[in-house]
Amino acid sequence: MTKSIHDFQDEYGRITSWPSDRRRAHQLAILDHLKNLLESGRSYSEEDLRSLLAEHTTLDDVSVLIRELVESSYVATDDSSYWRADGRPGRAG
């Protein structure tokens, strides 16, 4: 990603705001950053994912981040668990 997310982070690196739709490149940079917080090949419950994202953001509701991660194909789900889209848990490469 070539866009910086610095304008959307506080001094601790937490995401403090979600860019508008006209700043889609910044949204994608944030999603890429958040995806990299997830371990490849690990499955997360919704509660675990919400907890992880809440640690890295000051947003009141992380639902928008989860929805964007899934809709933008950074994270996959089977409605009971979530994982990085670059590797489904329990499957080889």
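1. A residue is termed buried here when its relative accessible area is under 20%. By that criterion Glu-68 is buried, because its relative accessible area is 11%. The model under discussion is a predicted one, and the points below should be read accordingly.

2. Glu-68 belongs to helix α3. Its side chain makes a polar contact of 3.0 Å with the side chain of Arg-24. When residues up to four places away in sequence are not counted, Glu-68 touches Trp-18, Arg-24 and Leu-31.

3. Helix α1 comprises residues 24-35, and its length can be checked. With 12 residues at 1.5 Å a residue, the helix should span 16 Å; the C-alpha atoms at its ends are 16 Å apart, so expectation and model agree.

4. Which residues of α1 are buried? They are His-26, Gln-27, Ala-29, Ile-30, Leu-31, Leu-34 and Lys-35. The cover over these buried residues includes α2 (46-55), α3 (63-71) and β2 (82-84).

5. The largest nonpolar core has 19 residues, of which Ile-30, Leu-34, Leu-38, Leu-49, Leu-53, Ile-66 and Leu-69 touch the most other members. Helices α1, α2 and α3 are the elements that give two or more residues to this core. The largest share, 4 residues, comes from α1. For Leu-69, setting aside neighbours within four places in sequence, the contacts are Leu-31, Leu-34, Lys-35, Leu-53, Tyr-74 and Val-75.

6. Side chains of opposite charge can pair when their charged atoms come close. The count of salt bridges in this model comes to 7. One of them joins Lys-35 and Asp-32, with the closest N and O atoms 3.7 Å apart. These two residues are 3 residues apart in helix α1, so about one helical turn separates Lys-35 from Asp-32. Lys-35 counts as buried because its relative accessibility is 16%, whereas Asp-32, at 22%, counts as partly exposed.

7. The side chains of Arg-50 and Glu-46 meet at 3.1 Å, N to O. Why are Arg-50 and Glu-46 separated by about one helical turn? The reason is that they are 4 residues apart in helix α2. An α-helix has 3.6 residues a turn, so residues three or four places apart point the same way. Both partners are partly exposed: Arg-50 has a relative accessible area of 29%, and Glu-46 has a relative accessibility of 37%. Together with Asp-61, Glu-46 and Arg-50 are linked in a network of salt bridges.

8. Arg-84 forms a salt bridge with Asp-86, and the closest N and O atoms are 2.6 Å apart. Is Arg-84 buried or exposed? Arg-84 is buried, because its relative accessible area is 13%.

9. The segment before α1 contains Asp-7. This residue is exposed, because its relative accessible area of 61% is over the 50% cut-off. Asp-7 and His-26 are 19 residues apart along the chain, and their C-alpha atoms are separated by 9.4 Å. His-26 is one of the buried residues of α1, whereas Asp-7 is exposed.

Definitions and conventions. Residues numbered from 1 in each chain as written. Predicted model: local features only at pLDDT ≥ 70, side-chain atom pairs only at ≥ 80, totals over all residues. Heavy atoms only, no water. Expected span 1.5 Å × (residues − 1). Buried < 20%, exposed > 50% of the residue type's maximum accessible area, 1.4 Å probe, protein only. Contact = heavy atoms within 4.5 Å. Polar contact = N/O pair within 3.5 Å; in protein donor to acceptor, adjacent residues only side chain to side chain. Salt bridge = Lys/Arg side-chain N within 4 Å of Asp/Glu carboxyl O. Core = buried A, V, L, I, M, F, W, Y, C linked by side-chain atoms within 4.5 Å.
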